[in-house]
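The following account leads through a protein model, beginning with the contact between its parts and ending with individual side chains. Please keep the sequence and the structure in view while reading.

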Amino acid sequence: MEDVIAHYYFRPDGRTTPQEAAQAIAEEETTGTWTALTTRQDYVRGLDGTVESVEESGRGYLTAIRYPYEIFEPGNVAQYLSVVAGNLFGLGRLEAVRLTDVDFPESLACFNGPNFGIEGVRRLLGTRNRPHVGTIIKPKVGLTPTDTALVAYEAASGGVDFIKDDETLTNQAFCPMADRVEAVMARLDEAKDETGRQVLYAVNISDRADKIVERAEEAIELGANTLMVDVITCGYSALQALAEEPGISVPIHVHRTMHAAMTRNPEHGIAMRPIARLVRMMGGDQLHTGTVSGKMGGNAEELILDNRALTDPWYGFKPVFPVASGGLHPGKIHAELETLGTEIVLQAGGGIHGHPDGTAAGARAMCQAVDAFLEGVSASEYAKDHVELKHALDLWGTS
Ligand SMILES: O=C(O)[C@H](O)COP(=O)(O)O
Ligand SMILES: [Mg+2]
C-alpha cells in the first residue's frame, strides 16, 4: 500500500538544524517521542516516519514527510488529522510550522466524495458555462422566519441562483429552523411561479455530532433543497455522516468559519489546500475558499491552487464548486472571475442587501456584473444601461 506524504513549511528554533526539526515532526507523529524508548521493539521500526526532503524557502524550509500507510486507520478522518496535523504544531524545536498539502494515496481516500459536485448542482439549476450568483441572508442573525423568507423571495426575484443561511444562524429562538425552512421554501415556490427559475436554499443544520443527521433529515422533510454545514466547528466526520446518509439527497454547502485561526498565518497552521482535499473526500458539494478582492484578504496564487484541489481530476471524486464569499459586491465581480474563472459561486451578503434600492435590485446588479464579464464588457460600461448595476457602482465603486 502507498504511504501518505505530508508537506510542511517550518522554521526551526535557534538550536535545531532544519534536518533535526523535520526529523522531530516525523518522529512525533509516528513512533517516537522526545527521548529514546525502552519499549520500542524492533518490529515497530517499520512504522517510522521518513524525512523525504528539506529545502530552503523564504525565512524557513519546506519538508516532505512520509508516513507509512499502516499507521492510518482507513476511513477514520479524525485519526488521519491526528497524524498529519497533530502534536507537531506545538513542538518547541519549531518556531513555526504549517501543513501546506497532503498526498493521500487512493487506498486511504476511501470515502464517497461529493454526491452532486459542480455538475450535480448545475443539473438542479439548469445552468452551464456561467458562475452561480448566491447570497447570504443578512443581517446574519435576528430576522424572524417571515422576514428571512421575504429577503429570500426578493433575492430570488432579482435573479440569484443560491441563497444561504449565515454561519451563526442555526436553530435559535428568534428564527427556529423548522419555521424558517417552511417559510423560505414557500416564498421560493412563489418566486419560481413568477420567474420560472429554481433557486437553492442552503439551511444551516450545524449541530452536535449525534444530532446533525437528524436535523438535516428534518430540514429535508420540511422542503429544504440544500444543506449547509460549518465544517471546521462541526468536524469533518459530521460532513462525512451527512454525505453518506442515504436519506440525504440534496447538495451540501460547506462553510469554513474559524478556518482563519489555522489558515491565515503564512508560517504556522494549516493551509486551505489540505482542508479543501478533506472536504472533497468527505462529500462537500460547495466549499468557501476565499476571494481575491473581498473583505477577508488572502493570497491569489494560493487560492487558485486551493480551488484546483476542488476541481482537478482526483481519484474519481466529483469536482466541488469553489465559493468566493466575504465582502463581494458587483464592482468586484470582474476581478474575481478574471482570476478564478467561471466555475465558481459568487456570493454577496452586504453586496446585495446593502444595495440602495433593496435586495431585488442588489441581486440584479450582481447578475448584471456577471453578464458584463461574460459579454467582455467592463462593469462601468455595462452600467450605462443597467440602472441597478449603476447604483451599486455609484455606492461601492469598482475595486
Ligand atoms: O458567510 C459569508 O460568506 C459571509 O457572511 C459573507 O458576507 P458578506 O458578503 O456580507 O461579506
Ligand atoms: Mg457569513
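Between domain 1 and domain 2 the count is 4 salt bridges, a salt bridge being a side-chain nitrogen of Lys or Arg within 4 Å of a carboxyl oxygen of Asp or Glu. The model is a predicted one, in which local features need pLDDT of at least 70, side-chain atom pairs count only at pLDDT 80 or more, and totals for chains, interfaces and linings use all residues. Residues are numbered from 1 along each chain as its sequence is written, chains are lettered from A and ligands numbered from 1 in the order in which they are written, and side-chain values use heavy atoms, with hydrogens and water left out.

The two domains comprise residues 4-103 (domain 1) and 117-396 (domain 2), with bounds that come from an automatic or database domain assignment. Their centres, taken over C-alpha atoms, are separated by 36 Å. At the interface, 15 residues of domain 1 are in contact with 17 residues of domain 2, where contact means heavy atoms within 4.5 Å. Together the domains bury about 1400 Å², 52% of it on carbon and sulfur atoms; buried area is the accessible area (1.4 Å probe) that two parts lose on being put together, summed over both. V77, R98 and D101 supply 43% of the area that domain 1 buries against domain 2, more than any other three residues.

D101 also forms a salt bridge with R277, whose closest N and O atoms are 2.7 Å apart. Across the interface of domain 1 and domain 2 there are 13 residue pairs in polar contact, both residues being at pLDDT 80 or more. A polar contact is a pair of N or O atoms within 3.5 Å; within protein, one must be able to donate a hydrogen and the other to accept it, and residues adjacent in sequence count only if both atoms are side-chain atoms. On the side of domain 1 that touches domain 2, the elements giving two or more residues are β1 (4-12), α2 (77-84) and β4 (94-103). Of these, β4 gives the most, with 7 residues. Helices (H or I, at least four residues) and strands (E, at least two) are DSSP runs, numbered from the N terminus.

The metal site comes next. The magnesium ion (ligand 2) is coordinated by D166 (OD) and E167 (OE) at 1.9 to 2.1 Å. Donors are N, O and S atoms within 2.8 Å of the metal (3.2 Å for Na, K and Ca), and water is not among the atoms, so sites may look incomplete. Both D166 and E167 are buried; buried means under 20% relative accessible area, exposed over 50%, and partly exposed in between (1.4 Å probe, protein chains only).

Two threonines in loops may now be considered. T31 is placed in the loop between α1 (18-28) and β2 (50-57), and counts as buried because its relative accessibility is 16%. Its side chain makes polar contacts with the side chains of R40, at 2.8 Å, and of D48, at 2.5 Å. Apart from neighbours within four places in sequence, T31 is in contact with L37, R40, V44, L47 and D48.

T127 is placed in the loop between α3 (117-125) and β5 (132-136). With 7% relative accessibility, T127 counts as buried. Polar contacts join its side chain to that of R122, at 3.0 Å, and to that of H132, at 2.6 Å.

D161 is paired with R197, the closest N and O atoms being 3.0 Å apart. This pair links distant parts of the chain, with R197 in the loop between α5 (177-195) and β7 (200-204) and D161 in the loop between α4 (145-158) and β6 (162-164), 36 residues apart. D161 is buried, with a relative accessible area of 1%, whereas R197 is partly exposed at 27%.

A further salt bridge joins the side chains of R66 and D3 (3.4 Å, N to O). R66 lies in strand β3 (residues 60-67) and D3 in the segment before β1, so this pair ties together parts that are 63 residues apart in sequence.

In helix α5, E190 and R187 lie 3 residues apart, about one turn of the helix, and their side chains meet in a salt bridge (3.3 Å, N to O). E190 is partly exposed, with a relative accessible area of 33%, and R187 is partly exposed at 24%. Finally, salt bridges that share partners join R11, R59, E95 and E267 into one network.
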